[in-house]
Amino acid sequence: MAQKLAQELVEARVALIEHLAPLALKARSLLSEALQWLADRAITPTPAPADWAEIVGSVLTSTGLLLLDGEGLIFAHHTFAEHICDLLDARRLPSRFDPDDPIWWKTLRLACADGNLTAQRTIFHRALINSDASELLDWLLAGNDIARELAAALVSRGVQATAGQHEALARTFDFWLWRALRGGNGRYVNQVVGALGLLRSLDHPLQRVIHGAAENAALPDVVREAAAHALLRSGEPHRSRGLALLRRFACDPQLAGAVRVRAAQALEFAGALPAARESLTFLSQDEAFLHEHHRNMAEQLLSDAPGWISLPHRPAAGPSLIDLRPIPADLSIEEEHAEDLSTPPGFMESPRDSDQVVPWSAETSLLDLPVDVAELLSVSPTADEEEVAAAAVRAVAADLSCILRGQSPPGVRQAASAWSRLAKWLGTRPAPLHSAHAASVIRLLEAVAGHQNQVDDRPGLLVSHPQRAVLAALLLRAQPEHQLAGLRLLTGPMAIWDVDVVRFLLQVAASYQPGLREQVVTQHCRILLDSRLPNLCRQDILMSVRSIDADAAATFLTQHCAADPYMVTTNVLSLGRQYRAEAVGYVQRRALGSLDDVLESWCNAASVLLGTGSRGDREELARMLKEIALLTGGGSTQALAVTAVLASHNRAEAGPCAGHVASSAAASDMHRMTAASLLARLGAGPDDESVVLNVLDRLDAQQPPQGAVAFAAEVACISPTVRDRSEAFLRTCLESGSVGLPTELVVAELASLGPYARARLCRDLVRLLRGSTDWRQWSGPLEGIALLGPDLHEATQTLLSSRVRTSETVADRLGAIDLINHLNWQSSGAQAAALLTTLADTESEPPTTRALAARRLYRYGPQHLPTALRTLQALATNRQTLPPLLSIQIARELATVGAIEQAEQVLATLARNRALLEPDRVEAALLLLVLDPSCSGSTRQTLAAMAHDRRLSADTRDWAAEAPSALARSSRHAALLGQASRPAPHG
């Protein structure tokens with residue numbers, strides 16, 4: 001019996017470890033869970049021996065995956081549990097790849113749309129389990145950048161791929177490198193660096209691309225560095241090539257200093273220690289091209305050898321599909337936010353515990369008046385309290401008089417600290433029964449109020465905060481009828497100025513008269529409700545009121561319905577954990593009234609409460625918030641705000657609230673879209689599908705409202721049905737061509753809906769973007785579309801080629817060709833040249849179009865010069881009547897490409913043509929003189945003909961007659977100047 005039980009235990013090890021892996025990600029007790037799992041399957045002796053737990057632990061640790069941890073078990077490394085969980089998830093995927101299968105759909109959406117690393121690892125394990133992953137690779141290689149990166153990682157880690165898939169992968173990397181080369185967007189550079197970091201092996205088509213990237217000096221330095229590292233990881237012969245490149249990078253002064261130092265360090269990591277030491281030595285001495293900071297880094301690496309240090313700012317190798325931090329996939333939102341109730345939240349902790357202040361009392365006193373205070377008031381340091389109080393009132397009154405006269409009181413800033421010390425000195429000394437100073441202070445404050453109309457809150461512009469503290473101290477040391485006035489002077493702005501003085505005086509007031517404790521607590525709370533109060537000052541005031549009467553403070557705050565809800569809630573919670581129920585009740589009572597003016601603050605307060613208390617307390621509060629969100633009188637704005645708060649803490653309660661708003665006929669389109677988007681983020685199920693579809697159907701695709709495009713793309717993740725409806729909506733938006741529609745964004749969102757939607761988009765792009773043909777409107781969006789992937793780049797080239805054929809104006813046709821050449825990846829540059837050649841050689845095209853095409857063509861490279869010259873010569877000898885300006889331009893282009901003689905003939909013909917306007921003939925003659933400054937015989941004959949042509953003005957005829965001699969004189973003058981400037985010959 002014992003032998004059979006032992007055999008069953010050993011045979012169950014694998015299944016038991018697979019059961020424990022998900023529990024490890026939830027931080028559950030593995031040994032107790034293992035014992036319970038064995039008991040449920042009757043793999044437990046009866047009765048169980050005392051060391052049964054030790055036996056089970058030893059069997060599990062014998063696998064090497066688990067280790068003993070005190071009296072429990074843990075996985076030897078957290079990634080072991082992750083890989084087992086990923087393997088279990090991979091087994092749940094259907095054996096046949098079907099992207100519309102619900103399980104496959106959810107996994108692919110998480111992996112390729114959201115970039116979820118757990119889902120990516122699941123797909124990786126599934127591809128390794130299934131020997132035939134060809135359909136999966138085809139699907140990934142037809143998707144967005146994330147899907148293509150996942151395909152690269154799968155192939156690089158041993159998943160079998162066809163020759164066509166290898167070619168597609170190489171083409172994808174080639175496109176990514178070209179996109180990074182274009183510059184202007186660091187996102188594309190980071191993307192290709194991350195993709196290169198995924199490579200672990202290189203097949204033949206991809207070898208050429210990666211080798212070329214490492215050698216291409218035009219690429220950003222970090223891209224070349226990443227390509228060299230990819231070669232280094234791919235085994236021989238690529239590893240040797242990578243080492244050679246890294247040695248070259250370390251010595252290349254054209255590269256960034258950080259890249260050079262990292263290249264030398266990578267040599268050491270690869271085991272090439274002599275090369276690394278040689279490179280670091282060279283770098284530490286390269287003062288001509290290397291910054292001192294990088295030279296110091298190299299010296300530090302040399303001095304630390306063989307314990308090489310890691311350099312800062314080392315580029316990330318990209319997301320890994322294997323060694324990743326734990327992501328608990330099945331952790332509920334409640335468990336994720338569960339807290340250890342023995343540890344209070346940060347804002348409930350007692351601030352500055354080492355600086356606790358005991359209540360001040362009348363017995364606490366200072367022996368003598370501080371010297372600076374005595375000098376300020378012009379009294380003796382041994383003066384009694386009444387004399388000092390009288391001098392203080394006189395000094396404040398004198399400063400107030402100066403201010404009212406428009407003068408600045410002397411030494412105000414220097415005396416601030418002295419006034420503060422005076423306030424504390426006076427606060428510790430009660431006034432005699434018949435002291436009249438309190439009455440003087442009241443009259444002074446009444447004078448201020450009469451001028452400012454602000455008795456209680458802000459005499460601040462006339463009476464400074466330090467002086468105000470002294471006045472408050474004088475009132476607090478007087479009779480009860482004056483002490484309330486003194487308390488009202490201690491406000492939030494005064495606490496911001498000096499919280500220690502305010503706290504001191506409040507404690508003094510509480511200690512003088514026990515009957516004032518309620519008013520003192522009230523004044524504490526008023527200060528706490530001032531939103532301008534810094535957090536440190538707030539913590540000091542909280543500590544003070546907590547020492548007096550925290551219960552009374554909590555009661556006052558929660559009954560102050562006009563205050564900011566968030567300020568009330570955080571202050572009540574800061575008083576102590578025991579007041580959470582009062583804070584919850586306050587938030588609930590505020591929701592019974594209108595929240596229009598304080599909705600954001602109220603939601604913040606509710607969010608704080610949802611993050612505190614026990615799990616049961618949080619669930620009860622979530623149910624209360626759900627009831628508030630479902631109230632019909634609150635409006636959709638309030639319901640959405642409350643739902644958003646719930647969504648961050650309790651998804652189960654937030655879902656019905658979002659569905660309620662999304663299906664409400666009274667809600668606006670914007671509110672319904674927001675609610676449906678929230679449903680998608682919450683992980684909407686089949687029950688919510690009809691609600692989201694109804695919201696989509698109610699939108700006008702011909703005139704889509706603001707945010708409709710992003711909404712349609714966001715909800716597409718709910719199900720294949722919603723995805724198809726979203727695709728139809730976005731395609732209709734594109735076809736409508738409505739004004740203000742972000743075309744590039746719509747195409748990008750369509751391309752994100754999956755490979756099949758992407759393929760349909762590429763196929764129909766010409767039809768979908770058949771709106772305006774003005775190249776100034778569509779060049780920018782089309783350039784952005786072409787950068788979305790190699791498939792959309794090809795579709796954009798097709799669209800531009802069709803624009804060349806169908807555009808009505810020559811500017812639009814040539815603009816399309818220029819954009820084709822600008823997006824020069826693979827053969828698109830040759831395609832642009834071919835289109836221009838066709839335009840230039842087509843005799844049925846207007847001469848203007850042909851001339852402009854030839855002009856652009858020879859700028860594409862010297863290899864196109866013969867075609868451009870042939871076209872221009874044909875146009876120059878064309879017997880058709882061409883516009884004179886076009887003929888002059890053709891002559892310019894002929895001269896530019898070297899056909900000067902023919903250009904002169906064209907210009908001479910234009911200058912002699914009496915049918916042309918005089919300005920055109922003069923323009924031709926001027927250009928002729930530029931091309932023939934020596935005035936050959938034909939040029940002289942042309943000018944002579946113009947000098948005798950009575951159709952030209954007298955000034956033009958005179959200029960034509962004098963031009964040859966004037967040009968000859970200027971030439972001789974220039975020659976004489978040249979001879980005069982030559983040095984005399986020696987000897």
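Three helices, α9 (145-156), α10 (163-181) and α12 (204-215), each contribute at least two residues to the lining of the second largest cavity. The model is predicted, with local features requiring pLDDT of at least 70 and side-chain atom pairs pLDDT 80 or more, while totals for chains, interfaces and linings use all residues. Residues are numbered from 1 along each chain as its sequence is written, and side-chain values use heavy atoms, without hydrogens and water.

**Second largest cavity**
- The structure holds 3 cavities of 30 Å³ or more (a cavity is a set of points on a 1 Å grid over the protein atoms alone where a 1.4 Å probe fits but cannot get out; lining residues have an atom within 4 Å of a point).
- Helix α9 gives the largest share of its lining, 3 residues.
- Among the lining residues are His166, Ser201, Asp203 and Pro205.
- By class, the lining comprises 7 nonpolar, 3 polar and 1 charged residues (Ala, Val, Leu, Ile, Met, Phe, Trp, Tyr, Cys and Pro count as nonpolar, Asp, Glu, Lys and Arg as charged, and the others, Gly among them, as polar).

**Packing of α34 and α35**
- The axes of α34 (residues 651-662) and α35 (residues 669-681) come within 8 Å and cross at roughly 150 degrees.
- Helix α34 is therefore roughly antiparallel to α35 (angles over 145 degrees).
- The contact (heavy atoms within 4.5 Å) includes Gly655 and Gly659 of α34 and Ala675 and Ala676 of α35.
- The residues of this contact of α34 with α35 divide into 7 nonpolar, 3 polar and 3 charged.

Notes
Axes are lines fitted to C-alpha atoms, for helices over the stretch in contact, and angles run from 0 to 180 degrees between N-to-C directions. Helices (H or I, at least four residues) and strands (E, at least two) are DSSP runs, numbered from the N terminus. Angles under 35 degrees count as roughly parallel, over 145 as roughly antiparallel, 65 to 115 as roughly perpendicular and the rest as oblique. On a 1 Å grid over the protein atoms alone, a cavity is a set of points where a 1.4 Å probe fits but cannot get out, and a pocket is an open set with protein on both sides within 12 Å along at least five of seven lines; lining residues have an atom within 4 Å of a point. Grid points are joined across faces, edges and corners, and a volume is the space filled by probe spheres set on the points.
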